[in-house]
Amino acid sequence: MESLTIKKIVAKYSVLICLVFSVILIAIAALLYPGGSLLDKNSIGFSWSKNFVSNLFAEKAINGSENPGRIWAIIGMAFQSIGYGVFFINMSKKIALGQWSNILKFIGFANVLFIFLIATPLHDLGTISIILTLFGLFTITIFILKSKLHLLKFCCIICLLTFYCFFFLFGFGYLDLAVIMQKVYNASSILLILGLEYFTKYEDFVEIKSKGQKI
């Protein structure tokens, strides 16, 4: 009975557990990073305002030194991929409206793979996860805007804006600002995902689903 209770607790808080472990392990990787950034190859250590998170996944740091934090960063991304995957699968069950439910479920399973690829030599392929996550959150936002969850409406919009700002800055070559915005959109998406995971329920979308089925 006690073992069953523990399993239920782990299942209920799996997203929170995965994301907390991910943040902790990424932070450890950052502490162990030798140094070097795109702006200064001779800098010491990891700078949250000058280094991209992807720098933590390289075998060698930008300054040429071996990167002992790499293994921690890889494990951290593994936890994040599972956390994001479980979140989208759980949301597909709450929304449960035909094709939209299937899309969120697909994003959940796909993200388990693609988010982890970011920490591997297939990093460029792994960035597909950013598009999948953005599309998944955009889809969820549409349903949230139709619900009575007013605070989450605001949080969803702010989170999406941080994604768009990052793409704009990165796409137009403002790398010094894109580095900072990367941390902002990562933090905002993690907080939003936790909010959606633990402060929404199936009943919040029942009225929306009934209208959608009538249409």
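Leaving aside neighbours within four places in sequence, Asn51 is in contact with Tyr33, Gly36, Ser37, Gly45, Phe46, Ile62, Val179, Gln182 and Lys183, where contact means heavy atoms within 4.5 Å. The model is predicted, so that local features need pLDDT of at least 70 and side-chain atom pairs count only at pLDDT 80 or more, while totals for chains, interfaces and linings use all residues. Residues are numbered from 1 along each chain as its sequence is written, and side-chain values use heavy atoms, with hydrogens and water left out.

Asn51 is found in the loop between helix 2 and helix 3, helices being DSSP runs of H or I with at least four residues, numbered from the N terminus. Asn51 counts as buried at 0% relative accessibility, the term buried standing for under 20% relative accessible area with a 1.4 Å probe and protein chains only. Its side chain makes a polar contact of 3.0 Å with the side chain of Asn55; such a contact is a pair of N or O atoms within 3.5 Å, of which, within protein, one must be able to donate a hydrogen and the other to accept it, and residues adjacent in sequence count only if both atoms are side-chain atoms.

The aromatic residues come next. The structure holds 12 aromatic pairs, a pair being rings of Phe, Tyr and Trp (its six-membered ring) whose centres lie within 6.5 Å, with planes under 30 degrees apart counted as stacked, over 60 as edge-to-face and the rest as tilted. Phe163 and Tyr185 form a tilted pair, at 4.7 Å centre to centre and 35 degrees between the planes. Because Phe163 lies in helix 7 (residues 150–171) and Tyr185 in helix 8 (residues 175–198), this pair ties together parts that are 22 residues apart in sequence. Phe163 is buried, with a relative accessible area of 2%, and Tyr185 is buried at 5% relative accessibility. Tyr185 also forms a tilted pair with Phe166, at 5.0 Å centre to centre and 55 degrees between the planes. Ring pairs link Phe52, Phe163, Phe166, Phe167, Phe170 and Tyr185 into a cluster.

The largest nonpolar core has 54 residues, of which Leu56, Phe87, Leu137, Ile140 and Leu196 touch the most other members; a nonpolar core is a set of buried Ala, Val, Leu, Ile, Met, Phe, Trp, Tyr and Cys residues joined through side-chain atoms within 4.5 Å. Helix 8 supplies the largest share of this core, 9 residues. Ile140, leaving aside its neighbours within four places in sequence, is in contact with Phe87, Phe88, Met91, Ile95, Leu104 and Leu196.

Methods. Helices (H or I, at least four residues) and strands (E, at least two) are DSSP runs, numbered from the N terminus. Buried means under 20% relative accessible area, exposed over 50%, partly exposed in between (1.4 Å probe, protein chains only).
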